[in-house]
Amino acid sequence: MSILTLKQYSGVILLQHILLFFDISVNSFASFARSHPVDLLVLYVIQDFCLIVALTLLLVNFFSTYIFQVGLIQLLYIRFRITLMLCVIYIILSIMLHVWDMTIHWQHPLNQYWTKEFHGLFSLHKTVAVSYYYFYKRASLRIADPRFFEGSTWLEKPLNLP
């Protein structure tokens, strides 16, 4: 596995930001497609697919680091565990919200019938979304740190045994 060049990394970072922008857009404007449930379903499926692609791109960035290539996966996990957990939680919450939303509004798309549980899930999803956007963007920029792509003294500290 080779280290990402600047041009490759710029392309990956641009794609990651486009995926984040698409996710923000769908979360913000999906209610405008409510009158057409089939269109909304397609939009939700594309959004969930993009979330999985975004997580895959982040993992590809991790796999291209020197730390991963020498087998120090634990160091990467320690530094990025919140981001990885938020990615998985956000994907699960998104799928749950989309399925529940389509179940409630498929027959009568313009009815505003929200149960307390659905409202709670909706609020939780939006709250986690904000954290996901922050941590995902931060991780995608932090992984470009040259320390992750070369051997250095900060790597030797965790390896020194007492």
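In these legends, Ala, Val, Leu, Ile, Met, Phe, Trp, Tyr, Cys and Pro count as nonpolar, Asp, Glu, Lys and Arg count as charged, and the others, Gly among them, count as polar. Everything shown here comes from a predicted model.

**View 1. The lining of the largest pocket holds seven nonpolar, five polar and three charged residues.** Let's start with an open space. The largest pocket has a volume of about 200 Å³, and 15 residues line it. Look for Ala-30, Ser-31, Arg-34, Tyr-44 and Phe-122, which lie nearest the centre of this pocket. Helices α1, α4 and α5 are the elements that each give two or more residues to the lining.

**View 2. The largest nonpolar core brings together 35 residues.** Inside this core, Tyr-132 and Tyr-136 have the most contacts. The elements that supply two or more residues to the core are α1 (6–29), α2 (37–63), α4 (73–105) and α5 (116–142). Helix α4 gives the largest share, with 10 residues. Another core, of six residues, lies apart from this one, and its members include Ala-30, Leu-40, Tyr-44 and Met-102.

**View 3. Tyr-132 touches residues from several places along the sequence.** Leave aside the neighbours within four places in sequence, and Tyr-132 is in contact with Leu-20, Asp-23, Leu-51, Ala-54, Leu-86, Cys-87 and Tyr-90.

**View 4. Leu-19 sits in helix α1 and meets Cys-50.** Is Leu-19 buried or exposed? Leu-19 counts as buried because its relative accessibility is 11%, and the cut-off for buried is under 20%. Leu-19 and Cys-50 are 31 residues apart along the chain, yet 6.3 Å separates their C-alpha atoms. Setting aside neighbours within four places in sequence, the contacts of Leu-19 are Cys-50, Val-53, Ala-54 and Leu-57.

**View 5. Asn-27 joins its side chain to that of Gln-47 through a polar contact.** With a relative accessible area of 18%, Asn-27 is buried. Which side chain makes a polar contact with the side chain of Asn-27? The partner is Gln-47, at 3.0 Å. Beyond the neighbours within four places in sequence, Asn-27 is in contact with Gln-47, Tyr-90, His-125, Lys-126, Ala-129 and Tyr-133.

Note on methods. Residues numbered from 1 in each chain as written. Predicted model: local features only at pLDDT ≥ 70, side-chain atom pairs only at ≥ 80, totals over all residues. Heavy atoms only, no water. Core = buried A, V, L, I, M, F, W, Y, C linked by side-chain atoms within 4.5 Å. Buried < 20%, exposed > 50% of the residue type's maximum accessible area, 1.4 Å probe, protein only. Helix = DSSP H or I, 4+ residues; strand = E, 2+ residues; numbered from the N terminus. Contact = heavy atoms within 4.5 Å. Polar contact = N/O pair within 3.5 Å; in protein donor to acceptor, adjacent residues only side chain to side chain. 1 Å grid on protein atoms, 1.4 Å probe; cavity = no way out; pocket = protein on both sides within 12 Å on 5 of 7 lines; lining within 4 Å. Points joined across faces, edges and corners; volume = space filled by probe spheres on them.
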